[in-house]
Amino acid sequence: MKEIDKIRKSERISHEMMYTKYDLFAKGSWLEKPVQTVINILSMIECKESINILDLGCGVGRNAIPIALYYKEYNCMIDAVDILDIAIKKLRDYSIYYGVDNTINGITSSIEDYYISNHKYDLILAISVLEYLENMDFLLKKLYEIRDGLKQNGIACFICNSNIEEKSILTNQQLSPQFECLFSDEEFYEMMAKVFEDFELLKRTLKKQVYTIPRENEVVKMETDVVTYVIKKR
Ligand SMILES: C[S@@+](CC[C@H](N)C(=O)[O-])C[C@H]1O[C@@H](n2cnc3c(N)ncnc32)[C@H](O)[C@@H]1O
C-alpha cells in the first residue's frame, strides 16, 4: 500500500471510530462543543439579505449546527464538505434533529475535489483539516481558492496542527505522523502571509496540545502546536 493510502486509511479509521462512538455534543470528547473562536466570529459577519458559509472538513457538524442555529432567522446557507460518507450522513441526521436541515447543505467530497466558487462566501472554515489534504501543493492551491472564494469583508478561520509528533504509548517510540501535510508553525505563517497578504489578521495563536488518537493497531500519543489563524478580506 502506498504511504498516502496508508495515511488515509488510518485517519478514516480514527474519524469513523469517533463519529460512531460519540454523539454530537457528547461530553468528554472533542465533539462536546463548537470551537469558541468560530462562535466569536459570527457577530463580526455582516448580515445581509443572504449569508453563505463554507465548512471544509465539517465532520458531523460540531460547528455547522451551532452556526445554523445562530443564523436561524436569516437567509443562511452552509455548504458543509467532508470526505467521509458517515460524517455527512450523521450531519444530515443531526441537522434534522436540530431543525436546521434547510440551512445545511451536506456534501460528500474531498476538499481537493470541491471547487470553491469566486466571491461566494461570507465565512470559510477549515477546522482541523488542512493537514489532511493530499500534499502541500493541494494545500496551497486550496488556500488561493479560499482567498478568491471570500466576499469582500469575508472572514476565514483556520485551525490546524503544526510541528506534529506521534509516539507509541506502549514503547514511547517516535512514529511516523499519520498526516499528509506536515509543517512547522513558521512554515504555516509564511504560507498564509504570502497567500493572504492583503488581508487583515484578526487572530493568531499557538497552543501546545497532547492528544491520544486511535490508529489501526494501537492508540498513539500525538503532540502538536495548534495554530489558530483568522483573517478578513479587505
Ligand atoms: C479532526 S476532524 C474535524 C471535523 C470538524 N471540522 C470539527 O471541527 O469538528 C477532520 C475532518 O476532516 C475530514 N477530512 C479529512 N481529510 C479530508 C479531505 N481531504 N477532504 C474533506 N474532508 C476531509 C475527516 O473526515 C474529518 O471529518
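By class, the shell around the ligand holds 10 nonpolar, 7 polar and 5 charged residues. Here Ala, Val, Leu, Ile, Met, Phe, Trp, Tyr, Cys and Pro count as nonpolar, Asp, Glu, Lys and Arg as charged, and the others, Gly among them, as polar. The model is predicted: local features need pLDDT of at least 70, side-chain atom pairs count only at pLDDT 80 or more, and totals for chains, interfaces and linings use all residues. Residues are numbered from 1 along each chain as its sequence is written, and side-chain values use heavy atoms, with hydrogens and water left out.

Of the 22 residues around the ligand, the nearest are Tyr19, Gly57, Arg62, Asp82 and Ile111. Helix H1, residues 3-21, gives the most to the shell, with 4 residues. Helices are DSSP runs (H or I, at least four residues) and strands likewise (E, at least two), numbered from the N terminus.

Now the individual atoms. A polar side-chain atom of Asp82 sits 2.7 Å from an oxygen atom of the ligand. A backbone N or O atom of Ile127 lies 2.9 Å from a ligand nitrogen atom. The protein covers 97% of the 590 Å² of accessible area that the ligand has on its own. Such areas come from the Shrake-Rupley method with a 1.4 Å probe.

Last, the backbone. Asn163 has a positive phi of about 50°, although it is not a glycine. Asn163 lies in strand E5, residues 150-168.

Key. Near = heavy atom within 4 Å. Polar contact = N/O pair within 3.5 Å; in protein donor to acceptor, adjacent residues only side chain to side chain.
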